[in-house]
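Open your viewer and keep the selection panel handy.

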Amino acid sequence: MTFSLHGQAVSGGIAIGRAHLVSHAALEVAHYQLRERDVAGELERFDSAVGTAGAELDALRADASVPGAPAELSAFVDVHAMILADPALTDGVRELIRERRCNAEWAMVQQMQLVVDQFDEFEDAYLRERKQDIVQVVERVLKVLQGRQRKLMKRKASATEDDLIVVANDLSPADTLQFKTLRIGGFVTDMGGSTSHTAIVARSLAIPAVVGMQHARPLIQDDDLLIVDGTRGVLIVDPTPNVLAEYRLRKTELQLERAKLKRLVTGRARTLDGEDVALLANIELPQDAERATEVGADGVGLFRTEFLFMNRDELPGEDEQFEAYRSVVKALAGKPVTIRTLDIGADKEARALRNRTGNRAAPNPALGLRAIRFCLAEPQLFLVQLRAILRASHHGRVRLLIPMLAHAQEIEQALSLIELARFQLREARQKFDAIEVGGMIEIPAAALALGPFLRRLDFLSIGTNDLIQYTLAIDRSDDAVAHLYDPVHPAVLRLIAQTIQSAQRVGMPVAVCGEMAGDPKLTRLLVGMGLREFSMHPAQLLEVKQQVMMSDTAQLAVRVGKLLKSDEPDKIGDQLEKL
Ligand code: PEP
Ligand code: MG
């Protein structure tokens, strides 16, 4: 019987194939009492299982370091190894075995529940989702205790078979590592949100995936025919011949389109009337620089450095940051690299900063001490990063970008600290070169009072993700109001257009680096507003390039001018379609 399920679309594309069910977490375990003289043996059995699980993780770490393995995966393996080594988990289990004289499996599940309950208290969605990592580590140890190690895939797909679609309650990042060597078409999970590790890995592997399906695992059987639409977040089970034919066609079309797009890697993004448009890449980690160069990006338009600060207990020091920035600068070989200073706070948290001013439980974190506000409150920490960025400038073309500016005095304070960092480097006889300093326009106040930005800075970059959030008062990470998060709300469009025009009037470079820049449906709109620099995730770059190459700037300027006069959403929608 055919039916469909909906979840969160986390990685686009279409996969058609047979279901491969991955077994449930073996968390329902037996509970039995030990005799006093068996307790020592049980403790040994537990320690040995922990040792074996650790060895498995070491082996996975070796796999993660092979060329081509997604960079995030070794980080996930590290997180699991850290959890496994954490006495908060293992000491509690040993104590339970000793005191209650119970079997190791049961003690392990009890202790897990204790730790996981503490995670439920966290307000931060990212941290709450990390409890899945603990469950996955416990599951790994349980499987050793129960004598069956997890082998994700029983079989390999043959070259002629349809895609193999993994259906799981949840997948650990370490599990997804196996997708590298097995031909997996896509996956769906019942658990997980859009910031879960599974979602992050799916995007880095570029295979269609839908998470948070709730009921897929119990409703689907091995070998059921499935369609995963990773763009719309839909899973179709046992499709009718018509639906199947339709999706096969769409899949083939998508593949052809992707293959055709590759031909655009080398050419310039030039419009029909001969205007050049710069297309740059957004990156989160230094390793992402490779993907930027593969698609022929004109540089890095946004390096979100806060990701270097996450998933670790210690802050990265000046030398470590310098090496990270330098590696990107080197990889980009002379093309500009825009390094954004730490934008921590709101939905982005770093464990190592938890005890600082910025990470107290803020009543309204998106309006609190985030980004530059946090850095100005922690000048010593900020100076470390500024010195590291300045030092990287000696190895290529570096631009320094400051997030979340709203006030003239913030610009002045940031510039003074950059000057102080230069002074400190001179004192320490460290080399650095001239560097352009830019500001992000992501608060309406900044867009409406641009004067100090235009006078004091070298370039602007419009962060539409936050600009939309703050203009419409819609928390960008809150599902409940997601339907009101509207990039083409007339107020948003006017702020963007105004910022572009004001900057261009005084000859200041201006880019858009929010998600709008990577949406090919909005490329012509932005070109029509006069935008000539876009920065986006590398996977979107060629599609945007294609749109640029089909644009006529003079014609679009007239049409977009008319569109901006309207504040009727329906009219804007119509005009947008006709651009
Ligand atoms: C933005 O706000 O548009 C932006 C690019 O920054 P981030 O998404 O990292 O907040
Ligand atoms: Mg932002």
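The tour visits a ligand site and then a pair of helices.

This is a predicted model, where local features need pLDDT of at least 70, side-chain atom pairs count only at pLDDT 80 or more, and totals for chains, interfaces and linings use all residues. Residues are numbered from 1 along each chain as its sequence is written, chains are lettered from A and ligands numbered from 1 in the order in which they are written, and side-chain values use heavy atoms, with hydrogens and water left out.

**Stop one: ligand 1.** Now look for polar contacts (here, pairs of N or O atoms within 3.5 Å). The side chain of Arg304 has an N or O atom 2.8 Å from a ligand oxygen, and the side chain of Arg340 also has one at 2.8 Å from a ligand oxygen. At Asn465, a polar backbone atom lies 2.7 Å from an oxygen of ligand 1. Taken alone, the ligand exposes 290 Å², and the protein buries 99% of that (Shrake-Rupley method, 1.4 Å probe).

**Stop two: α12 and α14.** Select residues 318-331 and 379-392; the axes of these helices (lines fitted to C-alpha atoms over the stretch in contact) come within 8 Å and cross at roughly 35°. Show side chains to see the contact (heavy atoms within 4.5 Å), where Phe322 and Tyr325 are among the α12 residues, and Val384 and Ile389 among those of α14.

Definitions and conventions. Polar contact = N/O pair within 3.5 Å; in protein donor to acceptor, adjacent residues only side chain to side chain. Axes fitted to C-alpha atoms, helices over the stretch in contact; angles between N-to-C directions. Helix = DSSP H or I, 4+ residues; strand = E, 2+ residues; numbered from the N terminus.
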